Amino acid sequence: MFSQLPEFLVNPNPDIYRSSNYVVLDFECTNLEHGSPLNKDNRLVLTAWRDRNGQHYNWKGELDQSELVAACNASDFIVSHNAKFELQWLERCGYDIGSRPVYCTLVAEWVLCGNIRKPLNLDDVLERYGLGHKDPIVSRLIKSGVCPSDIPRSMLLRYGLTDVRLTERLFDRQMGLMHGTRLLPVVYTRCITIPPLADIEKQGLHLDAARVELEYDRTVAAYAEVMEQLEGISEGINPQSPTQLAQLIYGRLGFEEKCDNKGVPIRNKPTKQFPKGLPKTDEATLLSLGAKTDEQRRFIELKKEQGKLSAALNKNLSMFIGACREHDGMIYAELNHGRTVTHRLSSAGRRTYYKMFDDYKGCQFQNLPRQYKPLFSPRHEGWLFGEADGSQLEFRVAGHLGNDDVIRQEVRDGYDVHTFTQEVISRAGKAISRTDAKAHTFKPLYGGTSGTRAEKAYYAAFKDKYNALTTTQDDWCFEVGATKKLETEWGMRFYFPEAEFSRDGWLNCKTNVYNIPVQSFATADIIPIGLTYFWHRTRDAELMLVNTVHDSIEAEFPPHERELFELTAVEALTHDVYSYLDRVYNVQFSVPLGVGMVIGRHWGELEQNEEEIKINVETPYG
DNA sequence: ATACGGTGCGCC
DNA sequence: AAATGGCGCACCGTAT
């Protein structure tokens, strides 16, 4: 039932990058949307590559690249800087992007930098390595908007071949730098994710036009209503202007600013109008001000509503309605490596022109409001939308990294962690609902300590209950304090050059040290590994992967592939992960992983009489 | 006019 | 002197 996995996932082995049989690539293309291969109006201008037989090039465009594709098919892996881009072009050339691994010098550089942000574009990286630079004249032409198709061929060819040569030297230098480290397996993990990402970006997400129209109308009406009522109190101020809002709230409406324990107001950074700091006007602050008069209460309520409706309209609904009316309900986004310090993926919207706004709009795919998930539906009539997420993923990863038997036992027992939070906080004197307690459950996992007396009692109880984890995290802090860096169990390295212990024993970057390894292993390794196996295991199916949001993957499929989705999600997000971590990282993952699945006609919506599927899978190590 | 930093807010 | 982490986008105000 599953598609056949390629050898590099059946027997994943980063040593493949030591083979001398590889192809280094660099392509030049027309420059709409920065040359995106997903833009059908772009075409390839020049392909340049280097393999065991020397250097080659071709001016013939994406439909006539059989020589290039043959060179790729004869290689063990493909090298390029920002390989997602070249893979998307190669697919248009007829190459099977899942057939062999890539080595992306951009992604490898990201891994070498760990959590330190540095520019990852080829020129800057070459500069740091002292490897020279790309041809500055052609670089400047392209950067200033000249289409490569208008650049003289002799100049462009020299530029392309130079890029190939320099990329190969960079690859060589990176391999040298990784010698004696355990970073190459991390690079392997990042790189096997690139073909699935290249594919997902191509698909986009599909909106249900009827639902979007309804929600849009409802929200526009609600927004008009709120604005009219606000007008009665705020007399013409712009409620989205922090400065105008600050004047109103702390002026005529008579609110008192929140102060720290020395009586100094807690403010944002100074502006021209507010040289002593701009008073805060975000929702959390407004709710904490303690409205006393009827007018104050009414204003806070209305402003809260206005903020939400305005964000919903501007960030999502107006664009959704444009997509439904002008683009068949489709919206598109990128999924990028190289942005985050924890090595999670990040998403960025692909800005698209809408006639009805005479403007470009885009939205990323990882912060869509949950309430709007049901606005999305499969693009094909009768198909299903499925979401699979890693149950309590970061908590379980913390349990493994912290070697914490209490977490292991609670996961196996299906223990309700939030009820524990509720009970401890309530017992400490402040009755609280389970829902409200949820916000506190994992705060101490990331080093959170401040709060009310009852909340602090819970944080202490957490550290006590999971003392093995706490000890591990404190050990990380000691290592960071002593060496300014942390090498994790799976080989990834994080750097904290500013780390200092204060006299009272507080490490200045403690919360980062507590958080980064957990978040990284869970959402930069485990989920991408699962996503990759899922993609390869379903390649022969009609099913398409359409998104991934940190601990989840989303897909559209016909009803007869429902079982395929369910079985593959469990296989890929549990068994495949255990096996990959063991073989590539020599990590025997020791807490059961779980998968939760919601399948229906819309994203996040179950069919009637159906429930979310939840499955835990025991580790192979008992 | 355009660029940029700050703020606010959505997600995990 | 600070005490949960990580992002990207729309909007505002300010600088150029």
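1. A polar backbone atom of K269 lies 2.5 Å from a phosphate oxygen of DNA strand B; a polar contact is a pair of N or O atoms within 3.5 Å. The model is predicted, with pLDDT of at least 70 needed for local features and 80 or more for side-chain atom pairs, while totals for chains, interfaces and linings use all residues. Residues count from 1 along each chain as written, chains are lettered from A and ligands numbered from 1 in written order, and side-chain values use heavy atoms, without hydrogens and water.

2. R344 has a polar side-chain atom 2.8 Å from a base oxygen. N268 has a side-chain N or O atom 3.5 Å from a sugar or linking oxygen.

3. How many residues surround DNA strand B? There are 18, and the closest are N268, K269, R344, R370 and D551. A residue is near the strand if one of its heavy atoms lies within 4 Å of it. Of the DNA strand B atoms within 4 Å of the protein, 83% belong to sugar or phosphate. The rest belong to bases.

4. Now the sheet. Five strands form an open sheet in the order 15-16-12-17-18, paired antiparallel. Strands are DSSP runs (E, at least two residues), numbered from the N terminus; two pair if DSSP finds at least two bridges between them. Strand 15 (544-548) and strand 18 (613-617) are at the edges with a single partner each, so one side of each has no neighbour in the sheet.

5. Strand 12 (384-390) pairs with strand 16 (552-557) over six bridges, in the antiparallel sense. L384 has F557 of strand 16 as its bridge partner.

Terms used
Helix = DSSP H or I, 4+ residues; strand = E, 2+ residues; numbered from the N terminus. Polar contact = N/O pair within 3.5 Å; in protein donor to acceptor, adjacent residues only side chain to side chain.
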